[in-house]
Amino acid sequence: MLRGVSGTGRVCAALLALLVATADASSYRVQPGDTLSGIAARAGVSAAQIRAVNARLRGTDQVQAGWVLTLPDRTLPAGTHTVKNGENLSVIAARYGLSLGALLSANPAYRDGKALWTGARLTIPGRSAAPAAAPAVRRGGATVRAASSSGSSGGWLWPVAGYHGVSSGYGPRVLDGVREDHLGVDIVAPVGTPVRAARSGRVLESRPDFDRGWGWTVVLEHPDGWITRYAHLSANLVQKGELVVRGQPVGRVGNTGRSTGPHLHFGTYLRWDPRDPLSLY
Ligand SMILES: [Zn+2]
């Protein structure tokens, strides 16, 4: 916990009580002459960890006197964390000043794709004294970068490992003699191949959607307004409302709905405005 909120190196009892009450993180009012690196050093965390929990510091190290910053609390004890509504693994890791890799190491079931539900209890490992730079961890053949340095969920992960053949691209096409706009790409892969979440997020839909031709489909919403659709699945592995982490299997490739062979239909939207998925990789 950071001392020096008043700039004197002392924390009064009332403020201490307030900081204890907020539990997950403490706050700090920026003083004239402060720098982000100085604040980070005194708090025992990295500048990147502070940026990860303060949206106004995205892409900048400049702080202004009077700002109140949220600080990841290095003194928050190891123990357990009960998952709250809206949290995902990246968010929880950042709040404890942990890398995503460290949190997954302490909770290996989630590395293997276990669903993260509100109310679930996570083991919070002890943190080494030196703030770790956000490391990349190997997972299922894909590199998953801990998100604490950027505050985002990382880059886009190709949803079908090992299969990059696209049988039908994004845009106008003729299918069954009907001209249509194809709002995604069709990735050819065998039935049963795991389909991975392209980014961390929340399950918006997981259902059969045969009326619109999608067959069994999963739709994920991501924190910054992006939405991803995975269609024609043979199996859905997540349920509506569930929080998923980037790379987590959400379904299996199939041939359900209006589909002319085993493939994944992968669609990407920004606030439901369709975009070409291939422009994101
Ligand atoms: Zn398609």
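The legends below describe several close-up views of a predicted model.

Residues are numbered from 1 along each chain as its sequence is written, and side-chain values use heavy atoms, with hydrogens and water left out. Because the model is predicted, local features need pLDDT of at least 70 and side-chain atom pairs count only at pLDDT 80 or more, whereas totals for chains, interfaces and linings use all residues.

**View 1. The protein chain as a whole.** The secondary structure of the protein chain comes to 6 helices and 19 strands, where helices (H or I, at least four residues) and strands (E, at least two) are DSSP runs numbered from the N terminus. Of the 281 residues, 47% are buried, a term that means under 20% relative accessible area, with exposed meaning over 50% and partly exposed in between (1.4 Å probe, protein chains only). The accessible surface comes to about 13100 Å², and carbon and sulfur atoms hold 54% of that area; such areas come from the Shrake-Rupley method with a 1.4 Å probe, and for residues only the protein chains shown count as cover.

**View 2. The zinc site.** His182 (NE2), Asp186 (OD) and His265 (ND1) coordinate the zinc ion at 1.9 to 2.2 Å, donors being N, O and S atoms within 2.8 Å of the metal (3.2 Å for Na, K and Ca); water is not among the atoms, so the site may look incomplete. The donor residues follow the spacing H-x3-D-x78-H in sequence. Histidine 182 belongs to strand E9 (residues 178-182) and histidine 265 to strand E18 (residues 263-270), so the pair ties together parts that are 83 residues apart in sequence. Both histidine 182 and histidine 265 are buried.

**View 3. Aromatic rings around tryptophan 156.** Trp156, Trp158, Trp226 and Tyr281 form one aromatic cluster; rings of Phe, Tyr and Trp (its six-membered ring) pair if their centres lie within 6.5 Å, and planes under 30 degrees apart count as stacked, over 60 as edge-to-face and the rest as tilted. The whole structure holds 5 aromatic pairs. One of them joins tryptophan 156 and tryptophan 226 in an edge-to-face arrangement, with 5.3 Å centre to centre and 80° between the planes. This pair links distant parts of the chain, 70 residues apart, since tryptophan 156 lies in the loop between strand E6 (142-145) and strand E7 (166-168), and tryptophan 226 in strand E14 (residues 226-233). Tryptophan 156 and tryptophan 226 are both buried. The charged end of arginine 199 sits over the ring of tryptophan 156, 5.0 Å from its centre, by the criterion that NZ of Lys or CZ of Arg is within 6 Å of the ring centre and within 35 degrees of the ring normal.

**View 4. Surroundings of tyrosine 269.** Tyrosine 269 lies in strand E18 and is buried, with a relative accessible area of 4%. Leaving aside residues up to four places away in sequence, tyrosine 269 touches Leu183, Trp214, Gly225, Trp226, Ile227, Arg229, Pro274 and Arg275, a contact meaning heavy atoms within 4.5 Å.

**View 5. An open sheet of 3 strands.** The strands run in the order E11-E17-E15 with antiparallel pairing, and two strands pair if DSSP finds at least two bridges between them. Strand E11 (194-196) and strand E15 (235-236) are the edge strands, each pairing on one side only. Between E15 and strand E17 (residues 249-252) there are 2 bridges, and alanine 235 stands opposite arginine 252 in E17.
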